[in-house]
Amino acid sequence: MYFRRNIYIYAVVVMICGILMIAPEILMLMSDKEYWSGKILIAPIVLSSFMIFLYSNYVAVELYYKANRCIALNTLTAAAFNLFTDVLLIPKFGMMGAAYTTLASYVLLFLMHCRYSRRLNRALYPFRLNVTPLTLVTVVSVISYLCLDNWLLRWSIACILGLLFIMALLKRYKLYR
């Protein structure tokens with residue numbers, strides 16, 4: 001069970017990292033030049049999507065234990081936080097403020113769901129399962145942001161990461177067969 005859950009998480013990590021590395025070119029292919037300035041928003045938006053994926057695992061635990069009230073309370077708290085920080089940061093930082101307040105709201109939501117679901121069943125979905133994937137995605141998003149204008153470097157890193165994932169997957173598959 002642990003192996004399958006791990007594979008599932010790392011498959012999403014690989015997809016998220018791949019998106020981070022190639023999304024600027026996809027944006028430029030699929031949009032007019034006036035939207036190209038939005039490529040600086042790719043990292044926080046993709047990281048937000050990853051946080052949604054991570055917290056949904058904890059929400060599944062809460063749903064199993066019928067903790068609907070907690071899910072609603074956590075969602076309302078994160079929404080209020082997002083609204084408050086949007087009011088503070090959007091006038092000063094514009095779309096970057098909106099992107100990062102949304103990311104912060106999803107991080108908060110992840111932490112709240114994690115905390116409560118661990119109270120319900122600590123062993124079912126341990127927090128340590130998220131540490132390495134979250135670190136990998138954060139590092140790749142920083143690299144993607146720093147190499148935003150160097151498509152060759154980003155695509156090379158994407159290919160290397162893809163090969164490393166395939167090698168790790170094959171190695172693990174042989175171990176658990």
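## Lining of the largest pocket

In this predicted model, three helices each supply at least two residues to the lining of the largest pocket: helix 1 (2–30), helix 5 (128–146) and helix 6 (151–176). Helices are DSSP runs of H or I with at least four residues, strands are runs of E with at least two, and both are numbered from the N terminus. Helix 1 gives the most to this lining, with six residues.

The largest pocket has a volume of about 260 Å³. Of its 13 lining residues, Val13, Val14, Leu136, Leu161 and Phe165 are the closest to the centre. On a 1 Å grid over the protein atoms alone, a pocket is an open set of points with protein on both sides within 12 Å along at least five of seven lines, whereas a cavity is a set where a 1.4 Å probe fits but cannot get out; lining residues have an atom within 4 Å of a point. Grid points are joined across faces, edges and corners, and the volume is the space filled by probe spheres set on the points. By class, the lining comprises eleven nonpolar, two polar and no charged residues. Here Ala, Val, Leu, Ile, Met, Phe, Trp, Tyr, Cys and Pro count as nonpolar, Asp, Glu, Lys and Arg as charged, and the others, Gly among them, as polar.

## Basis of the model

Residues are numbered from 1 along each chain as its sequence is written. Local features need pLDDT of at least 70 and side-chain atom pairs count only at pLDDT 80 or more, while totals for chains, interfaces and linings use all residues; side-chain values use heavy atoms, with hydrogens and water left out.

## Overall architecture

The chain has six helices and zero strands, and its elements run α-α-α-α-α-α from the N terminus on. Along the principal axes, the C-alpha atoms fill a box of roughly 50 × 50 × 20 Å. Of the 177 residues in the chain, 37% are buried (buried means under 20% relative accessible area, exposed over 50%, and partly exposed in between, with a 1.4 Å probe and protein chains only).

## Packing around helix 4

The axes of helix 2 (residues 42–64) and helix 4 (residues 95–120) come within 8 Å and cross at roughly 20°. Axes are lines fitted to C-alpha atoms, for helices over the stretch in contact, and angles run from 0 to 180 degrees between N-to-C directions. Helix 2 and helix 4 are therefore roughly parallel (angles under 35 degrees count as roughly parallel, over 145 as roughly antiparallel, 65 to 115 as roughly perpendicular and the rest as oblique). Their contact holds 19 nonpolar, four polar and one charged residues.

Helix 3 (residues 68–93) packs against helix 4 at an angle of about 160°, with the axes 8 Å apart. Helix 3 is thus roughly antiparallel to helix 4. The contact of helix 3 with helix 4 has 15 nonpolar, ten polar and one charged residues.

## Individual residues

Leu103 lies in helix 4 and counts as buried because its relative accessibility is 12%. Its C-alpha atom is separated by 9.0 Å from that of Asn82, 21 residues apart along the chain. Leu134, in helix 5, is partly exposed, with a relative accessible area of 23%.

Lys66 lies in the loop between helix 2 and helix 3. Although Lys66 is not a glycine, its phi is positive, at about 55°. Lys66 is exposed, with a relative accessible area of 69%.
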